[in-house]
Amino acid sequence: MKEEQFRNQYKKAVDTMSSSREMKQGLEGKMEQKRRPRKMVYIAASVLVAAGIGLAGPSVMKQLGGTGSPNQVAQVDPGTPAAGNSAGVVIPKIELPDKSSGAVADMIGLVVYQGNIYTQAAIRMEAADAAALRGEKLGRTTSGIDEWSSKDAYTELASNIGETDIYAVKGYDSGFLVMSYTEVDGQVFAELYEHTNGITVNSGADLIGKLNLDGRIASAQWESFESWNNGKQQYLPLPEGAALDGFLSALMTAKPLAAEPLIEQGIYDKEDRKLVYLQLEDKTRVELTLFSQGLVRYSNAPVFFEVEPGAFQALWDSMKP
């Protein structure tokens, strides 16, 4: 779609829907995303989500290799940072902050469902594929949350994305993934939201297992850090086979490590990373970041996974330009 067509569709959607200021801002953000290279979109989302789970300020910038901005802090309160113990890594539940703190911040897209905050998902999908993924209707959001909201706004289906229908996603547990979906004159506005807080992660299966990767990978690609960092989008095919299968199997049993200590130690200061993109049969795309130390991260959940060295190295070595 040409930009002018998209702009007209956007205006029509805003006029038609019962949108809040936040919803309009979200749609404006989508327009902005269409004008940016993919890398810039990813970075913007990463800043907001990462801040939302307690990686604000310098730590976030270490991840992104950029410069901090005071207004790039999400208005969600992670409570205490994720911490590892004998029972696994505990990711604290995200809560709306006490507005008496005086914090002024941008918001990430979020929806309250069954008492939990779902934030914009790291799983990608094209709007054209959203209808096929749409499951049972779960309700309709209200637009009660903004940057000035207190914990009192934490009510069922409250959101900062305006008024829109929320659906389950076919093939996924609604305790993990839900979808907003609005259709105006045939134009689909849809977004995935995931629940990755308020959980204890004992292995890769407790988080990445929720993606239901087994037997559903249609194709796989990888990208070097240099390409990703410079927005080159130089995706290379990642052959399916023993290396990928062994890696994914080992990832399910991988040991979780709390993210904050690793970030403080400078894991994002180095560039020896590779990005793996898994295109699933349902047309969604999962992105995993591999670190040469044998660690893997999905989404911005504050946890890394330490994969069995042999399985990790086999996949790492198979990714050569």
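**Reading the model**

Tutor: Phe247, Phe312 and Trp316 form one aromatic cluster. Rings of Phe, Tyr and Trp (its six-membered ring) pair if their centres lie within 6.5 Å; planes under 30 degrees apart count as stacked, over 60 as edge-to-face and the rest as tilted. Before we continue, please note that this is a predicted model, in which local features need pLDDT of at least 70 and side-chain atom pairs count only at pLDDT 80 or more, whereas totals for chains, interfaces and linings use all residues. Residues are numbered from 1 along each chain as its sequence is written, and side-chain values use heavy atoms, with hydrogens and water left out.

Student: How many aromatic pairs does the rule give?

Tutor: A pair of aromatic rings is described by the distance of the centres and the angle of the planes. Here the count comes to 9 aromatic pairs. In one of them, tyrosine 235 and tyrosine 277 have ring centres 5.2 Å apart and planes at 75°, so the pair is edge-to-face. Tyrosine 235 lies in the loop between helix H6 (225-229) and strand E11 (236-237), and tyrosine 277 lies in strand E13 (residues 273-280), so the pair ties together parts that are 42 residues apart in sequence. Helices (H or I, at least four residues) and strands (E, at least two) are DSSP runs, numbered from the N terminus.

Student: Are tyrosine 235 and tyrosine 277 buried or partly exposed?

Tutor: Buried means under 20% relative accessible area, exposed over 50%, and partly exposed in between (1.4 Å probe, protein chains only). Tyrosine 235 has a relative accessible area of 23% and is therefore partly exposed, while tyrosine 277, with 1%, is buried. Another aromatic pair, tyrosine 268 with phenylalanine 291, is edge-to-face, at 5.3 Å centre to centre and 90° between the planes. Tyrosine 268 lies in the loop between helix H8 (259-264) and E13, and phenylalanine 291 in strand E14 (residues 285-291), so this pair ties together parts that are 23 residues apart in sequence. Both tyrosine 268 and phenylalanine 291 are buried.

Student: Which charged residues sit over rings?

Tutor: A charge sits over a ring if NZ of Lys or CZ of Arg is within 6 Å of the ring centre and within 35 degrees of the ring normal. Lysine 274 lies over the face of tryptophan 316, at 4.2 Å from the ring centre. The charged end of arginine 285 is placed over the ring of tyrosine 235, 5.7 Å from its centre.

Student: In what order do the strands of the open sheet stand?

Tutor: Strands of a sheet pair through backbone hydrogen bonds, either parallel or antiparallel. Two strands pair if DSSP finds at least two bridges between them. In this model, 6 strands form an open sheet in the order E3-E4-E8-E7-E6-E5, with antiparallel pairing. Strand E3 (110-113) and strand E5 (134-140) stand at the edges with a single partner strand each, so one side of each is left without a neighbour in the sheet. E5 and strand E6 (residues 165-169) run antiparallel and are joined by 4 bridges. Arginine 140 stands opposite aspartate 165 in E6.

Student: How many salt bridges are there?

Tutor: Side chains of opposite charge can pair when their charged atoms come close. A salt bridge is a side-chain nitrogen of Lys or Arg within 4 Å of a carboxyl oxygen of Asp or Glu. The count comes to 4 salt bridges. Among them, lysine 137 pairs with aspartate 165, the closest N and O atoms being 3.2 Å apart. This pair links distant parts of the chain, lysine 137 in strand E5 and aspartate 165 in strand E6, 28 residues apart. Aspartate 165 also forms a salt bridge with arginine 140, with the closest N and O atoms 3.0 Å apart. Aspartate 165 counts as buried at 16% relative accessibility, whereas lysine 137 counts as partly exposed at 45%, and arginine 140 counts as partly exposed at 39%. In a further salt bridge, lysine 232 and glutamate 226 have their closest N and O atoms 2.6 Å apart. Salt bridges that share partners join Lys137, Arg140 and Asp165 into one network.

Student: Where is asparagine 197 found?

Tutor: Asparagine 197 is found in the loop between strand E8 (187-194) and strand E9 (199-201), and its relative accessible area of 2% makes asparagine 197 buried.
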